[in-house]
Amino acid sequence: MNQRVWSFLVPLLSVIVALIIASFVILMIGKNPITAYAALVRGALGSKMAIASTIVKTTPLILTGLAVGFGFRAGLFNIGAEGQMIMGAMAATAFAINVGWMPAVLAIPLTMLVGMLAGAGYASIAGFLKAKTGAHEVVTTIMLNWIADYFSSYVVTVPMGVGFGTPKSPEIASSAKLPPLMVVQATELTSGIIVAVLAAVFIKILLDKTSKGYELKAAGFNPYAAEYGGIKLAENIVLAMAISGALAGLAGTLEVMGVHHRFLGTLSGGKGFDGISIALIGQNNPIGIIFAALLMGALRNGSNEMQFVGVPKHIIMIVQAIIIFLVAADRIVRTIFLRKKVAK
Amino acid sequence: MRLFLALIDIFTNPAFYKLTLTAATPLIFASLGGVFSEITGVVNIALEGIMLMGAFVSVVFTWLTGNAWIGVLFAILVGIGMAWLHAWASITWRGNQIVSGTALILLAQGVTGFLMEPIFGRPGQTDIVGKIPEVKIPLLMKNRFLAQSIGELSPMIYMAFASVFIAWFIIYKTKLGLRMRAVGENPEAADTLGVNVYAVRYFGVLMSGVMASLGGAFLSVGEVGNFRELMTGGRGFIALAAMILGNWNPVGAMWASLLFGFSEAFANQLQSSPLLRVASTTKPLFNMFPFIVTLIVIAGFIGKTRPPAADGVPYEK
Amino acid sequence: MEKAVEMIQIVKRFPQVVANDHVDLTVLKGEIHAIVGENGAGKTTLMNQLYGLLKPDSGEIRIFGKKVNFKGPRDAILMGIGMVHQHFMLVNNLTVAENVVLGSEAGIGPLFDLKSARKKVSELSKRYGLHVDVDAKIEDLPVGMQQRVEILKVLYRGAEILILDEPTAVLTPQETEELFETMFRLRENGKTIIFISHKLNEVMRVSDRITVMRQGKVTGVLNKSETDPRQIARLMVGRDVVFTVEKTPARPNGVVLKVENLHVKDYRNLEAVKGVSFEVRAGEIYAIAGVAGNGQTELVEALTGLRKPVSGRVYFLGKDITHATPRELREMGMGHIPEDRHKYGLILQFPAYYNVILGRHHRPPFANGEFLCHSKILSFAENLLSRFDVRPNNVRMLGANFSGGNQQKLVIAREIGLEPKLMVVSQPTRGLDVGATEFVHKTLIQLRDSGVAILLVSMELDEVLSLADRIAVMYNGQIMGEVEPNAVSIEEIGLMMAGHRLEEIRGRVA
């Protein structure tokens, strides 16, 4: 079977295998996997509201998936989308709280810009360290995640904190709020989804149609040849991390502008890490990532419903782990489904 | 001035040194795990996940059996199981080692979170199920300072230091160790001499499972006696940094772990110093400290230490 | 006489090719048996089966009359077979003694006894006259020494049959001579040696019998005393080979590249180029000969902007380019055919049409502002592939899927397509078959005749001698002397490659 078909099939089959394995896990705690999966589907797609809520959950996932996938294309493993998302959201909030005097046509794009710049700047630290010292971005971005996490929990309790209970910032100015596309019962279908899809299209064009994209891909595939071809590696690493971070920052920003309308301590909630599975399932292709994010958004959304039938929503993390594992060692999947032993 | 007094207060307090050792111990275990794996050429960022599983499993079995040592034993077994998955994906199936490691971290977070409710009836954290008692060394109890710093410690702390020696001995003084170093540097060369590259790499990765799960078990039954979700808090990655800083050498990794343990203990002591009266809301800022130190160290030392040449490269016959 | 090795009707297929097609090989005990053939003739594949690294698809192997079925090298070692690979199989950060004993270490139980390992290895090195410091780390040893370690490894395992795969490729003529002495000494000790080579003069010098291979088949088994190089060459190539490249004398013009007292450090931060000066003129091929690892790689990297020189100056058409970037150099008209086409020359995951614009992807006609012009790129690529006869003529095929020769053609096509004024060429025919080598040589001569200055770096002495108009020999980061090919003897070049300065050599002769 040819390469193109496989690159599409492997992630799909991985999802199926992961769901099968997870059903055994569900059986293990004495629940019925069929009931659980039925609840999952009902929770994700069972009603208009469920669908709207799935799309809301999908929006940031498209962007974190793009962040990680774009990094992969440029040869970088940005595990720090989580931290970049936090920094982006936090900066955007700080800005958007104070723009009540601005009309929405200005406030909305500027807030997005601030969030993206913050994410980009934060990711650039890892890019800069890699370019200058060779420090692996996996380790540095993880450190930056923790730093962002602690920093934000300080910021939302002290300088920006309001009220009691969950640490949170004040609400942003209404001119900086994204207008909802439609309101389904209590769920506002955020117009952020349009921004996210546009971002995917933008990244697709950047990668496939521009000379910068050519350089980023070349550096990702073979840094030596890229350097030989006159491509400045250090510059490319920093730029790729910055773009990746901007996407993650935008993910956080849209959550603030379109969903919570304020910064919350729990805003990122693992969405940065979901980006990894999404990028892998979408095979780092921006369009593939949109669909992978939709799948993950549905799983995340439906998993709340699963809680009600007694299956902890952590099962979704297990499903994701299995998917990532199988995509990492894609020969396993090929072997299972080809029933042909790969040589040795 | 007040800061200066606070510093003197911290450094003259014997409890600070005990805290340093306590903070360093999980890092020592896990960084040795990193050394075992990477010296044979397999990158294992799953340390974080294996530690988390180790912490959880040891609590579960301590709760079931009432004996924390049995808990530790099962933690080791599960740690080997996790490491085996990583070895299977990255050695047998020549998968991407970093991606496989990421999957295992997520798996550990998922599995531990998933099983909290069915086993303990609530998410978040478990009850205190019991911990390994500290042992006193009578000789050291005579001096107040020694008594309070290193006189009464968890036996797992001694195990950690013993493990450093064992790891050093295996890697530098045995036939297997020679083969491990060879396989990490030039697997093809080792293969042509009849060294079973896959078997040696499996050994390295499985040992990293043993070590990392011990590190995790120390966090729960060795230190506090219960399990909290995500309680490893990035220590697996700090351990990787310690391994790098320690130049992939067990003894070096130990010193680096002590440095990071020191910085963690320092940040803790500083924020709870009665002289400084840090507001509880400012404390998160102090928690950033060990991560910032790690980041600086990594940026400063990488390139000055040298990884095994075949580190992270799957071997294909 | 007793037969040490019999390989009978061996067949080995790979996905693309039949590497061994019913091959028969008989090696007698105590002989030096040469296996000759072009790159890709199947010599190494055959030997890898004898050494247990590969399993034959069909056929039979007998060692000293006993049928064997190796599951891995371990089995072959037990039967007394040892192999010295073309690319050394040494662990760089371990010592000589550790490398020699690896896999069959001395010691009680699991313990490794370094002391007895050192003792055994130094005894062995004395017995066979293979002198080497047992405590030195491999990465600190010169290539000739490393090869001794390889031979010691094999002897330590009690090998009776030694396979030497292209052992002279990386040696100076003097080191080669020492190796031959070692081989004769081993033969006197009753060892059997299989010597794989494509250098006919060496084969004629050392072997007793010769098996010739071509395209996976055996085309002849000869006694050395009853044959001559021409006959072997015919069997090897399937036609009469031209041993020389046809060319007219160079008509050099002004200086294009001028290098002044250049110093460059290598990746380990050790000085690899230690004060090199030379000039290359338009319309000539200036060759730098020498054994691999004497600073040539670092020199080329420094000239092409891939590595920062420590000190010294480089001028290109009068302009100081000491610190120029690869992009600036390309804009100025410097082409570069790199020594490692997989590492530097190509992006294997890119299709051909992307590979042939590497370095010019950012400017017209291939890019218009920020955007790539795919239609222009495609038509340019189609043109280039036909002009250089790249096969298959498919611009959408990935770089990885072309054969080695065609990959090299892609690189050459791209760099010539640049219409350069200076072409830096490094190891242009490494791993290529005869046809492709001829093509490369012809192309370089044509380029020279069109007035391009060519700097050729090659480890192949034959290539240097047949292409160059002037030759410099590099040793240990310095140039030992500069000569014209028709005014120098092989011995003189050999001595320079081994670290003697030209003045010193000629002074001594005079």
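## Two interfaces of chain A

About 2,100 Å² is buried between chain A and chain C, and carbon and sulfur atoms give 61% of that. Keep in mind that this is a predicted model. The contact draws on 20 residues of chain A and 30 residues of chain C.

What does the polar side of this A–C contact look like? There are 15 residue pairs in polar contact, with both partners at pLDDT 80 or more, plus one salt bridge. That bridge joins the side chains of A:E215 and C:R327, at 2.6 Å from N to O. On chain A, the elements giving two or more residues to this side are helix 7 (192–209), helix 8 (211–221) and helix 9 (223–228). Helix 8 of chain A has the largest share, with seven residues.

Now for chain B. Chain A and chain B bury about 4,000 Å² between them, with 83% from carbon and sulfur atoms. In chain A, the residues that lose the most area to chain B are A:M143, A:F325 and A:R331, together 16% of what that side buries. The contact takes 42 residues from each of chain A and chain B. Salt bridges here number zero, and three residue pairs are in polar contact, both at pLDDT 80 or more. Helices 5, 6, 11, 13 and 14 of chain A each give two or more residues to this side, and helix 6 of chain A supplies the largest share, 12 residues.

| Side of chain A | Nonpolar | Polar | Charged |
|---|---|---|---|
| touching chain B | 31 residues | nine residues | two residues |

Definitions and conventions. Residues are numbered from 1 along each chain as its sequence is written. Chains are lettered from A and ligands numbered from 1 in the order in which they are written. This is a predicted model: local features need pLDDT of at least 70, side-chain atom pairs count only at pLDDT 80 or more; totals for chains, interfaces and linings use all residues. Side-chain values use heavy atoms; hydrogens and water are left out. Contact means heavy atoms within 4.5 Å. Buried area is the accessible area (1.4 Å probe) that two parts lose on being put together, summed over both. A salt bridge is a side-chain nitrogen of Lys or Arg within 4 Å of a carboxyl oxygen of Asp or Glu. A polar contact is a pair of N or O atoms within 3.5 Å; within protein, one must be able to donate a hydrogen and the other to accept it, and residues adjacent in sequence count only if both atoms are side-chain atoms. Helices (H or I, at least four residues) and strands (E, at least two) are DSSP runs, numbered from the N terminus. Ala, Val, Leu, Ile, Met, Phe, Trp, Tyr, Cys and Pro count as nonpolar, Asp, Glu, Lys and Arg as charged, and the others, Gly among them, as polar.
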